[in-house]
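Keep the model open beside you as you go.

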Amino acid sequence: MSGVLEFSDVSYVRNGNRILNGVSWSVREDQRWVILGPNGAGKTTLMRLATGHEHPTSGTVTVLGSQLGTVNIFELRNRLGFASSAQAKRIPANETVINTVMTAAYSVEGRWNEKYEDLDVRRAERVLSEWGLHDLSQRTFGTLSDGEQKRTLIARAVMTDPEMLLLDEPASSLDLGARERLLQLLSGYASSPTSPAMVMVTHHVEEIPPGFTHALLLSGERVIAAGECESTLTAEALSSTFGLEFNLTKDHDRYTARAL
Ligand SMILES: Nc1ncnc2c1ncn2[C@@H]1O[C@H](COP(=O)(O)OP(=O)(O)OP(=O)(O)O)[C@@H](O)[C@H]1O
């Protein structure tokens, strides 16, 4: 299996503040990673580096075999799928759900004069139904619930068959039912051998979908632990990451953490 993402001794400084320090990390195409860490640890920054929205201050980031700074970033980004709540703000409120998904084919966020093939329409319809959105295809994005918007953005991110899918806090602010529904869909997607490599930022171990294989714990600019979930997600590692003693349990492939 080949590598899709490689951070080598990456540091990132913004306005004189060091946000990441000496981060080395690699993702292979058959891996599904979760990134955990306290507020301000640099998780979103890590994602922005992985999608080429930022460049490292020192060290190298290699995405799909190409080192950032040496490639056309727009061409590279077309091969990635990315969903975040920041993106939700850029989708026109009056855009239909099907167009929100289909416009990913042109990397635009509102339909204008682009010409779509029947293939694009069929693919968008298939993706909508896979993510439980078929009945909403003609609704406008602005009228969707938070959970429906988040699923629409993920459907948009997978529309172009990306080689790596990056999700920044896909379950944040969802009610219990919407969260569980989303986790079931993410788990199904993560478990499919035909799915691309995945990287997902979350604040809660309860939001790790079964099928995710690896975890990276980030705190104080640095990687505290990284590797297979089984060996990385431990009470000790969580305690070091969040600065609080935790009890961690796993039941039916789902984690629960409680402070001691
Ligand atoms: N433009 C900026 N200028 C200076 N500092 C910044 C800038 N953008 C982000 N930061 C700082 O970088 C740090 C990391 O931010 P980042 O958003 O990557 O963290 P995070 O782990 O995703 O946080 P959260 O869990 O709260 O979403 C924070 O301390 C933040 O204040």
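## Around the ligand

Helix H1 gives the largest share of the shell around the ligand, three residues. Before going further, note that this is a predicted model: local features need pLDDT of at least 70, side-chain atom pairs count only at pLDDT 80 or more, and totals for chains, interfaces and linings use all residues. Residues are numbered from 1 along each chain as its sequence is written. Helices (H or I, at least four residues) and strands (E, at least two) are DSSP runs, numbered from the N terminus.

Two elements, strand S2 (17-28) and helix H1 (43-50), supply at least two shell residues each. The residues around the ligand are Arg-14, Asn-15, Asn-17, Ile-19, Gly-37, Asn-39, Gly-40, Ala-41, Gly-42, Lys-43, Thr-44 and Thr-45; a residue is near a molecule if its C-beta atom, placed from the backbone, lies within 6 Å of it. By type, the shell splits into eight polar, two charged and two nonpolar residues.

## The overall build

The protein has nine helices and twelve strands. Its C-alpha trace spans about 50 × 45 × 35 Å along the principal axes. A compact globule of 260 residues would have a radius of gyration near 18 Å, and the protein's 18 Å agrees with that. The radius is taken over C-alpha atoms, and the globule rule is 2.2 Å times the number of residues to the power 0.38.

Of the 260 residues, 37% are buried. Buried here means 20 or more other C-beta atoms within 10 Å of the residue's own, exposed means 12 or fewer, and partly exposed is in between, with C-beta atoms placed from the backbone. Among contacts between residues at least 6 apart in sequence, 62% join residues at least 24 apart. A contact means that the two C-beta atoms, placed from the backbone, lie within 7 Å.

## The nonpolar core

The largest nonpolar core has 70 residues, and Ile-35, Ala-50, Val-101, Leu-128, Ala-155 and Leu-166 touch the most other members. Helix H6 (residues 146-159) brings the largest share of this core, six residues. Such a core is a set of buried Ala, Val, Leu, Ile, Met, Phe, Trp, Tyr and Cys residues joined through C-beta atoms within 7 Å.

Take Ala-50, which sits in helix H1. It counts as buried because 23 other C-beta atoms lie within 10 Å. Not counting residues up to four places away in sequence, Ala-50 touches Leu-5, Val-61, Val-63, Leu-166 and Val-199.

## Sheets and hairpins

Strands S2, S1, S4 and S5 form an open sheet in the order S2-S1-S4-S5, with antiparallel pairing. Its edge strands, S2 and S5 (66-67), each pair on one side only. Pairing requires that DSSP finds at least two bridges between two strands. Five bridges link S1 (residues 3-14) to S4 (residues 58-63), and Glu-6 has Thr-62 in S4 as its bridge partner.

Strand S9 (residues 214-219) is mostly covered, with five of its six residues buried. Strand S3 (residues 32-36) pairs with S9 in the parallel sense over four bridges, with Val-34 opposite Ala-215. S9 also runs antiparallel to S10 (residues 222-228), joined by six bridges. In the hairpin of S9 and S10, which has two residues between the strands, Gly-220 takes a positive phi near 55°.

## The other hairpin

Ala-257 counts as partly exposed because it has 18 C-beta neighbours inside 10 Å. Leaving aside neighbours within four places in sequence, Ala-257 is in contact with Val-205, Leu-238, Phe-246 and Leu-248. From C-alpha to C-alpha, Ala-257 and Thr-234 are 9.9 Å apart in space and 23 residues apart in sequence.

Conventions: Nonpolar A, V, L, I, M, F, W, Y, C, P; charged D, E, K, R; others polar.
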